[in-house]
Amino acid sequence: QVQLVESGGGLVQAGGSLRLSCAASGSIFSMNAMGWYRQPPGNQRELVASITSRGGTNYADSVKGRFTISRNNAKNTVYLQMNSLKPEDTAVYYCHADYLATISRYLEVWGQGTLVTVSS
């Protein structure tokens, strides 16, 4: 069974930076796309950024130019560098991964979430 373990959340002032990390462990034949979602208080979960196994990236319009997603394929780890943080970035951030458990079995997994709070 594959698990995603997130770290790096916390409290930061507006304009500050945080870096989130997410490491996958378990039986993985091949890791495909990885990404970060967030769920603000009282709102639905939304995509923040994603990255393919070849490094192709996609960002929500609200974070373009401020957040950068990257990954280390050798370690099955994905990162989210968050700069110029705003109070509206406050949310629980979830890591997500699509992977092959075997050569033909596609699965997905979610992390437990890490809270990011941006004070004004």
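Figure 1. K64 is partly exposed, with a relative accessibility of 49%, whereas D61 is exposed at 65%. Here buried means under 20% relative accessible area, exposed means over 50%, and partly exposed lies in between (1.4 Å probe, protein chains only). K64 and D61 form a salt bridge in which the closest N and O atoms are 3.1 Å apart. The term salt bridge stands for a side-chain nitrogen of Lys or Arg within 4 Å of a carboxyl oxygen of Asp or Glu. Side chains of opposite charge can pair when their charged atoms come close. The model is predicted: local features need pLDDT of at least 70, side-chain atom pairs count only at pLDDT 80 or more, and totals for chains, interfaces and linings use all residues. Residues are numbered from 1 along each chain as its sequence is written, and side-chain values use heavy atoms, with hydrogens and water left out.

Figure 2. The structure holds four salt bridges. In the one between R66 and D89, the closest N and O atoms are 2.8 Å apart. R66 is in the loop between β6 (57-59) and β7, and D89 is in the loop between β8 and β9, so this pair ties together parts that are 23 residues apart in sequence. Strands (E, at least two residues) and helices (H or I, at least four) are DSSP runs, numbered from the N terminus. Both R66 and D89 are buried. Salt bridges that share partners join R38, E46, R66 and D89 into one network. R38 also forms a salt bridge with D89, with 3.0 Å between the closest N and O atoms. That pair links distant parts of the chain, 51 residues apart, with R38 in strand β4 and D89 in the loop between β8 and β9. The relative accessible area of R38 is 4%, which counts as buried, and D89 is buried at 1%.

**Figure 3. Disulfide of C22 and C95.** C22 and C95 are joined by a disulfide, with an S to S distance of 2.1 Å. A disulfide is taken as a pair of cysteine sulfur atoms within 2.5 Å, and by this rule the count is one. The link is left-handed, at -85 degrees about the S-S bond. Strand β3 (residues 18-25) holds C22 and strand β9 (residues 91-102) holds C95, so the pair ties together parts that are 73 residues apart in sequence. Both cysteines, C22 and C95, are buried.

**Figure 4. The largest nonpolar core and Y93.** A nonpolar core is a set of buried Ala, Val, Leu, Ile, Met, Phe, Trp, Tyr and Cys residues joined through side-chain atoms within 4.5 Å. The largest one has 31 residues, of which W36, L80, M82 and Y93 touch the most other members. Elements giving two or more residues to this core include β4 (30-39), β8 (77-82) and β11 (114-119). The largest share, six residues, comes from β9. Contact means heavy atoms within 4.5 Å. Not counting residues up to four places away in sequence, Y93 touches several residues, among them L20, W36, R38, L80 and M82.

**Figure 5. Surroundings of E108.** E108 is part of strand β10 (residues 105-110). Residues up to four places away in sequence aside, E108 touches H96, A97, D98 and Y99. The side chains of E108 and H96 make a polar contact at 2.6 Å. A polar contact is a pair of N or O atoms within 3.5 Å; within protein, one must be able to donate a hydrogen and the other to accept it, and residues adjacent in sequence count only if both atoms are side-chain atoms. The C-alpha atoms of E108 and V78 are separated by 15 Å, and these residues are 30 residues apart along the chain.
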